[in-house]
Amino acid sequence: MSENPKSQIPNPKSQTRHKPATPLLRPRELVLCCAPMRSNVNLSNMVRTAGCCGLTRVIACGSPKIDKTIARDGADQVEIEVHRTLPPVLKELKAEGYTLVGLEQATNSVSLHDYRFPRRTALVLGNERLGLTDEELGLVDVVVEIPVWGMPHAYNVATSAAMAMYEYCKQHP
């Protein structure tokens, strides 16, 4: 006789909100690298998600401003490095042994559904409108894209970053 599926559903009256974060067995080796963004809201959302995912390092290029009301605790948990442009940062991360993963829709991109992230990864995100430049695409080791089944043709950069960070965390709990 099989168990009643309803017996496996927790009683909503016994739920506790805002339980503590799940502890990591080892630190995340994912770095988020952002080209200059048009919107500080997008960058602030990415910092919040990075904090939720246990990342400790975000690299933001250009003149970034983090809105702490949007980033919330992520702004305090994540170290934000500011650089003028992305290419020198990518070369440095490559020298540090990171696999550079560009998140972009490109000719030879790999679906996020099929990609296995190396533990030591730098996730590279382009500008909201322009994406990654040809120079930046030439520096990454692999380009990963998130499939889109409707319009518009691409997800918002902060949404895309959240999906990719979550997939990394799922693969490296």
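**The chain and its sheet**

Mentor: Buried residues (under 20% relative accessible area with a 1.4 Å probe, protein chains only; exposed is over 50%, partly exposed in between) make up 41% of the 173 residues in the chain. This is a predicted model, in which local features need pLDDT of at least 70 and side-chain atom pairs count only at pLDDT 80 or more, while totals for chains, interfaces and linings use all residues. Residues are numbered from 1 along each chain as its sequence is written, and side-chain values use heavy atoms, with hydrogens and water left out.

Trainee: How many helices and strands does the chain have?

Mentor: Helices (H or I, at least four residues) and strands (E, at least two) are DSSP runs, numbered from the N terminus. From that terminus the elements run β-α-β-α-α-β-α-β-β-β-α-β-α. The secondary structure comes to 6 helices and 7 strands.

Trainee: In what order do the strands stand in the sheet?

Mentor: Two strands pair if DSSP finds at least two bridges between them. Strand 3 and strand 5 each have a single partner strand and stand at the edges, so one side of each lacks a neighbour in the sheet. The sheet is open, its pairing is parallel, and its 7 strands follow the order 3-2-1-6-4-7-5.

**Strand 2**

Trainee: Why is strand 2 largely enclosed by the rest of the structure?

Mentor: In a regular strand, side chains alternate between the two faces of the sheet. In strand 2, R57, I59 and C61 lie on one side and V58 and A60 on the other, and both faces are covered. Strand 2 (residues 57–61) is largely enclosed because its buried residues number 5 of the 5.

Trainee: Which residue of strand 2 is the bridge partner of L32?

Mentor: Strand 1 and strand 2 pair in the parallel sense over 3 bridges. The chain passes from strand 1 through helix 1 to strand 2 in a right-handed β-α-β crossover, a term meaning that, with the strands pointing away from the viewer, the path from the first strand over the helix to the second runs clockwise. On the other pairing, strand 2 and strand 3 are parallel over 5 bridges. The partner of L32 in strand 2 is V58.

**Helix 6**

Trainee: Against which elements do the buried residues of helix 6 pack?

Mentor: Helix 6 (residues 157–171) has 15 residues, and its buried residues include V157, A161, M165 and Y168. The helix lies across strand 1, strand 4 and strand 6, at about 165° to strand 6; axes are lines fitted to C-alpha atoms, for helices over the stretch in contact, and angles run from 0 to 180 degrees between N-to-C directions. With contact meaning heavy atoms within 4.5 Å, the buried residues pack against strand 1 (30–34), helix 1 (40–52), strand 4 (99–103) and strand 6 (121–125).

Trainee: Which side chain does a polar contact of 2.4 Å join to that of S109?

Mentor: S109 sits in the loop between strand 4 and strand 5. A polar contact is a pair of N or O atoms within 3.5 Å; within protein, one must be able to donate a hydrogen and the other to accept it, and residues adjacent in sequence count only if both atoms are side-chain atoms. A polar atom of the S109 side chain lies 3.0 Å from the backbone oxygen of A106. The side chain joined to that of S109 at 2.4 Å belongs to E145.

Conventions: The expected span of a helix is 1.5 Å times one less than its number of residues.
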